[in-house]
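Colleague: I would like to go through this structure with you, one topic at a time. Shall we begin once it is on the screen?

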Amino acid sequence: MGMTSNLTPAMNTADWRQRVFALYTELRGLASDSDAGAKRAHDHWRRGRDELFASHPASPLTPAAREHFKGLPVADYAPEARLWADVDEEGVGEVMDVPTGTDGVVRFERLGTVRCGDFGSLALWRHGGYGGGLFLPVRDGLAGHDGGTYGGGRYLLDTIKGAYLGGNTTNKRLLVDFNFAYNPSCAYDEAWACPLPGPANRLSAPLPFGELT
């Protein structure tokens with residue numbers, strides 16, 4: 001009986017991830033090197049996430065929060081926050097063990113450093129769990145401030161969940177767009193366990209882009 005009762009939420013989570021993967025596939029198709037194309041992709045991302053949060057059974061919003069939900073607080077698109085970032089080998093091989101309340105200790109292996117121009121540099125991680133995706137979190141100078149960004153930090157890329165904008169393996173570059181920074185699920189419900197940015201993923205610069213508090 002217990003196994004049967006867990007089937008529905010597991011299937012809902014699988015459907016949520018499938019829809020998020022599809023959303024980012026659509027974004028990569030809409031975006032181009034032009035600011036207009038990137039803005040179209042961003043608008044589509046906002047609408048798609050609002051629909052998922054409002055109506056999907058696996059939404060991280062609590063039922064009470066969903067009753068009053070009118071859309072996620074996302075800043076208007078800013079072209080200057082989009083860049084192709086070089087990835088070098090600084091920090092390669094470092095390990096970060098993240099204890100979580102639901103998944104035990106999750107290990108992350110550092111793949112290098114992403115150079116984001118005037119915004120600063122961020123450690124790029126490989127998720128050590130099943131799937132082994134790229135993971136690029138960030139905590140900026142507005143974290144925890146009124147009208148700023150989530151105090152625990154946000155995610156830029158998490159390919160294990162489909163959040164990926166593009167890259168070039170030959171030149172070792174990633175497309176980093178702070179306009180697509182989003183809050184982890186634990187920002188909405190403490191029942192979720194989320195790995196948050198460590199010291200190598202904290203920037204002093206304010207980043208008033210993407211999802212805000």
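**A histidine, the cysteines and the core**

Modeller: Let us start with His-127, which lies in strand β4, spanning residues 121–127. Please bear in mind that this is a predicted model.

Colleague: Is His-127 buried or exposed?

Modeller: His-127 is buried, since its relative accessible area is 16% and the cut-off for buried is under 20%.

Colleague: And what is His-127 in contact with, leaving aside neighbours within four places in sequence?

Modeller: With those set aside, the contacts of His-127 are Val-106, Arg-107, Phe-108, Gly-132, Gly-133 and Ile-160.

Colleague: Changing topic: how many disulfides does the structure hold?

Modeller: There are 0 disulfides.

Colleague: Are Cys-186 and Cys-194 buried or exposed?

Modeller: Cys-186 is buried at 13% relative accessible area, and Cys-194 also counts as buried, with 17%.

Colleague: Now the largest nonpolar core: which residues touch the most other members?

Modeller: That core has 51 residues, and those touching the most other members are Val-114, Cys-116, Leu-156, Val-176 and Phe-178.

Colleague: Take Val-176, then. Which residues is Val-176 in contact with, beyond its neighbours within four places in sequence?

Modeller: Val-176 contacts Ala-81, Arg-82, Leu-83, Ala-85 and Leu-136, as well as Val-114, Cys-116 and Leu-156. Val-114, Cys-116 and Leu-156 were also named among the residues that touch the most other core members.

Note on methods. Residues are numbered from 1 along each chain as its sequence is written. This is a predicted model: local features need pLDDT of at least 70, side-chain atom pairs count only at pLDDT 80 or more; totals for chains, interfaces and linings use all residues. Side-chain values use heavy atoms; hydrogens and water are left out. A nonpolar core is a set of buried Ala, Val, Leu, Ile, Met, Phe, Trp, Tyr and Cys residues joined through side-chain atoms within 4.5 Å. Buried means under 20% relative accessible area, exposed over 50%, partly exposed in between (1.4 Å probe, protein chains only). Contact means heavy atoms within 4.5 Å. A disulfide is a pair of cysteine sulfur atoms within 2.5 Å. Helices (H or I, at least four residues) and strands (E, at least two) are DSSP runs, numbered from the N terminus.
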